[in-house]
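Q: Could we go through a few features together, with the general idea given before each case?

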Amino acid sequence: MSNYTTIRTKSDRISFQIAKRTCWIILLLSLLLVSIMIIGLSAGSDFIHPFIVVKELLGYGNGEYDFVLHTLRLPRILMALLVGAALGVAGLILQGIIRNPLAAPDIIGVTSGASMGAIIFIVYFMGSVGIQFLPLAAISGAAIISFIIYLLSWRKGVTPIRMVLIGIGISALAKAVVTMLLVLSEVAATTKAYLWLTGSLYGANMTDVYLLLPWVALLLPLTFVLARTVNVKELGDDIATGLGVKVQVYRLLFLLISVMLAGSAVAFAGGIAFVGLVAPHMSRLLVGRSFAGLIPVTAIIGGIIVIVADIVARTAFLPKDLPTGVFTAAIGAPFFIYLLFRTRNQ
């Protein structure tokens with residue numbers, strides 16, 4: 001009994017140290033995030049000193065930069081934060097339930113489904129239906145594609161490797177459908193859809209922020225509540241089932257959460273790629289493999305990646321405002337090749 005007590009005490013001490021380290025990392029990342037957001041509000045065709053930005057945000061400014069800060073830059077920064085957090089956690093969930101380091105919403109088909117739904121809306125319904133229904137179209141597309149992937153992967157249950165392979169195939173098919181729609185549609189719709197597919201935060205406003213915020217605010221805490229089952233599932237389906245975890249039920253539930261996070265993000269920002277792949281891996285380097293600790297860290301890192309990419313996109317080539325997805329792809333594509341090389345023998 002004394003040996004058990006000693007082991008339990010050591011285990012509790014280690015868990016406390018890990019939790020303490022995770023809290024410090026979250027605090028430091030939060031400070032970094034706030035600093036980058038202030039830099040983003042300062043940078044642009046008209047540079048505003050960070051001190052003035054802080055005064056304006058706290059309500060102590062003279063109102064000279066109200067339009068630039070509150071109408072043009074702040075909504076874009078907040079949208080980048082929400083989109084990055086949603087895509088990052090969506091990728092974290094997929095990597096957790098599939099147990100594959102290469103899993104991400106844009107790789108196994110979730111983002112492609114969302115893009116297909118949104119493009120169908122843009123090409124065929126934009127003139128007759130309000131733009132506020134675009135998120136619903138994107139989420140519906142992601143849900144339909146994910147359901148097809150899940151259905152085709154089912155054979156006495158869903159195995160991770162089968163889901164990945166079928167997801168890659170369905171993703172390619174969805175991209176082919178999108179290409180066909182663009183070819184057959186009018187030039188104006190094609191131009192708008194192509195810009196959206198690349199991934200851009202241009203024209204973001206506070207209405208968009210308020211529409212996306214509930215998805216992220218509700219789904220991230222729900223993911224945190226269910227985090228314990230992911231840690232158990234990483235031991236393998238058989239062991240997790242033996243410990244009383246309903247593997248297939250939780251896998252479907254997590255897949256739905258991932259679909260809603262990725263679909264809502266894609267609906268407002270377009271096909272911003274590789275955030276869901278890169279952010280979870282960077283988080284694991286900082287806090288290890290505890291899923292509960294990874295959720296807030298991944299959300300913050302995902303937000304930082306998209307904010308930095310958007311700052312570069314709108315300031316590096318002034319007066320041009322390039323799509324944010326160009327720069328996230330520039331970061332993510334080499335990282336994806338590195339992961340392929342690192343896992344080639346696994």
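A: We begin with the terms for orientation: angles under 35 degrees count as roughly parallel, over 145 as roughly antiparallel, 65 to 115 as roughly perpendicular and the rest as oblique. Bear in mind throughout that this is a predicted model.

Q: How are α14 and α15 oriented when they pack, and at what angle?

A: Two packed helices are described by the angle between their axes and by the distance between those axes. Here helix α14 (residues 291–315) packs with helix α15 (residues 324–342) at an angle of about 120°, the axes lying 8 Å apart, and the two helices are therefore oblique to each other. The crossing of α14 and α15 is right-handed. On the α14 side the contact is made by I305, V306, A309, D310, V312 and A313, and on the α15 side by T324, F327 and T328; these residues divide into six nonpolar, two polar and one charged.

Q: How many aromatic pairs does a search of the whole structure find?

A: A pair of aromatic rings is described by the distance of the centres and the angle of the planes. The search finds two aromatic pairs. In the pair of F254 and F291, the ring centres are 6.3 Å apart and the planes stand at 75°, so the pair is edge-to-face. This pair links distant parts of the chain, since F254 belongs to helix α12 (residues 247–269) and F291 to helix α14, 37 residues apart; both F254 and F291 are buried.

Q: Is L82 buried or exposed?

A: A residue counts as buried under 20% relative accessible area. L82, found in helix α3 (residues 66–98), has a relative accessible area of 10% and is therefore buried. Leaving aside residues up to four places away in sequence, L82 touches V209, L212, L213 and V216.

Methods
Residues are numbered from 1 along each chain as its sequence is written. This is a predicted model: local features need pLDDT of at least 70, side-chain atom pairs count only at pLDDT 80 or more; totals for chains, interfaces and linings use all residues. Side-chain values use heavy atoms; hydrogens and water are left out. Axes are lines fitted to C-alpha atoms, for helices over the stretch in contact, and angles run from 0 to 180 degrees between N-to-C directions. Helices (H or I, at least four residues) and strands (E, at least two) are DSSP runs, numbered from the N terminus. A crossing is left-handed if the near helix is turned anticlockwise from the far one by less than a right angle, and right-handed if clockwise. Contact means heavy atoms within 4.5 Å. Ala, Val, Leu, Ile, Met, Phe, Trp, Tyr, Cys and Pro count as nonpolar, Asp, Glu, Lys and Arg as charged, and the others, Gly among them, as polar. Buried means under 20% relative accessible area, exposed over 50%, partly exposed in between (1.4 Å probe, protein chains only). Rings of Phe, Tyr and Trp (its six-membered ring) pair if their centres lie within 6.5 Å; planes under 30 degrees apart count as stacked, over 60 as edge-to-face and the rest as tilted.
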